[in-house]
Amino acid sequence: MYKNYELWIPLEKIPTGTAQQKGEQVVNGRIHHFTKKKVRETAELLIKELDEAMKDSHPDFIPFEEGEAIGLSFTFHYPTKTKKRWGMYKTSRPDNDNLVKLPNDCITKMGWWHDDSQVAFLQVSKKWVPADKGGIGIKMWRLRS
């Protein structure tokens with residue numbers, strides 16, 4: 001049986017950092033790359049929230065197997081106090097492709113799938129919502145061949 005896993009991650013502010021944002025410093029004449037503190041902290045928060053949401057919503061979750069094709073949908077809910085925007089699609093930055101990088105890397109780190117290259121279907125949307133309704137909606141499912 002194929003099951004949809006739906007999660008809601010409530011957030012006051014949608015994370016914009018990506019795991020690819022690296023800092024660099026020169027030590028003894030050599031360049032060292034590192035993950036910036038803000039990105040590390042955002043990833044830690046996201047992992048905590050993802051873990052709690054999965055335990056609450058789907059305690060029977062079975063990670064996807066290596067090579068298994070996955071469908072993934074993200075809806076990013078951007079909080080705003082401007083009522084006329086509520087329900088409208090957000091057409092400004094950040095770009096959708098950059099938004100999904102950090103959550104995908106966090107999910108990989110958590111072991112929910114072997115690698116985010118398994119995501120064969122991806123849907124991303126950004127919407128404006130009331131100020132107290134911000135967060136990320138995530139749906140994952142196994143794709144049938």
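Let's start inside the sheet: Phe 74 has Ile 138 of strand E6 as its bridge partner. Strands here, like helices, are DSSP runs numbered from the N terminus, with at least two residues (E) for a strand and at least four (H or I) for a helix. The model is a predicted one, where local features need pLDDT of at least 70 and side-chain atom pairs count only at pLDDT 80 or more, while totals for chains, interfaces and linings use all residues. Residues are numbered from 1 along each chain as its sequence is written, and side-chain values use heavy atoms, with hydrogens and water left out.

Back to that bridge. E4 (residues 70–80) pairs with E6 in the antiparallel sense, over 8 bridges; for two strands to count as paired, DSSP has to find at least two bridges between them. E6 also runs antiparallel to E1 (residues 5–10), and 6 bridges join those two.

Zoom out and you get an open sheet of 4 strands in the order E1-E6-E4-E5, with mixed pairing. On average, neighbouring strands are turned by 15 degrees against each other, direction ignored. Helix H1 (residues 37–57) lies across E1 and E6, at about 135 degrees to E1. Those angles run from 0 to 180 degrees between N-to-C directions, using axes fitted to C-alpha atoms, for helices over the stretch in contact.

How covered is E6 (residues 135–142)? Mostly: 7 of its 8 residues are buried, meaning under 20% relative accessible area, with exposed being over 50% and partly exposed in between (1.4 Å probe, protein chains only). Ile 136, Ile 138 and Met 140, along with Leu 50, touch the most other members of the 29-residue largest nonpolar core. Such a core is a set of buried Ala, Val, Leu, Ile, Met, Phe, Trp, Tyr and Cys residues joined through side-chain atoms within 4.5 Å. Ile 136 has contacts (heavy atoms within 4.5 Å) that include Trp 8, Leu 46 and Phe 76, not counting residues up to four places away in sequence.

Lys 139 also lies in E6, but it is partly exposed, at 40% relative accessible area. Beyond four places in sequence, Lys 139 is in contact with Tyr 5, Glu 6, Gly 71, Leu 72 and Ser 73.
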